[in-house]
Amino acid sequence: MTYEEREKIFSKDTISIKELADLLGLSYSKSAELIRQIKFKFNRLDVQGVLHVEDYFDYFKITDRQRYLKQQEVAI
């Protein structure tokens with residue numbers, strides 16, 4: 001997965017089952033199972049099949065979110 005693909009996923013508020021599968025290299029069914037596990041613990045968004053990005057960060061205890069944010073291009 002390229003940085004641009006990761007950046008595109010994390011630039012939104014939600015992560016779909018397919019996006020999570022692509023991010024973590026999981027099958028679709030394993031990704032769906034993981035989303036259910038995360039939602040059991042954190043569930044800001046009560047919508048089936050998608051996960052709030054903040055719930056993803058909280059579940060995996062990601063505190064340094066700088067690398068997930070869109071990088072600013074520097075004009076020379």
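**Close-up views of a predicted model**

**View 1. Glu19 and Lys12 are joined by a side-chain salt bridge, with 2.7 Å from N to O.** In this predicted model, local features need pLDDT of at least 70 and side-chain atom pairs count only at pLDDT 80 or more, while totals for chains, interfaces and linings use all residues. Residues are numbered from 1 along each chain as its sequence is written, and side-chain values use heavy atoms, with hydrogens and water left out. A salt bridge is a side-chain nitrogen of Lys or Arg within 4 Å of a carboxyl oxygen of Asp or Glu. Glu19 counts as buried because its relative accessibility is 17%, whereas Lys12 is partly exposed at 35%. Buried means under 20% relative accessible area, exposed over 50%, and partly exposed in between (1.4 Å probe, protein chains only).

**View 2. Lys18 and Asp22 form a salt bridge in which the closest N and O atoms are 3.1 Å apart.** The two residues are four positions apart in helix α2, so about one helical turn separates them. Helices (H or I, at least four residues) and strands (E, at least two) are DSSP runs, numbered from the N terminus. Asp22 is partly exposed, with a relative accessible area of 39%.

**View 3. A salt bridge of 2.5 Å (N to O) connects the side chains of Asp55 and Arg44.** This pair links distant parts of the chain: Asp55 lies in helix α4 (residues 53-59) and Arg44 in the loop between α3 (28-41) and β2 (50-52), 11 residues apart. Asp55 counts as buried, at 2% relative accessibility, while Arg44 is partly exposed at 48%. Together with Asp58, Arg44 and Asp55 are linked in a network of salt bridges. A search of the whole structure finds four salt bridges.

**View 4. Leu24, Leu26 and Phe60 make a nonpolar surface patch of about 220 Å².** Patches are made of residues with over 30% relative accessible area and no salt bridge; like charges are joined within 9 Å and nonpolar side chains (Val, Leu, Ile, Met, Phe, Trp, Tyr) within 5 Å. Accessible areas come from the Shrake-Rupley method with a 1.4 Å probe, and for residues only the protein chains shown count as cover. Leu24 is found in helix α2 (residues 17-24) and counts as partly exposed because its relative accessibility is 34%.
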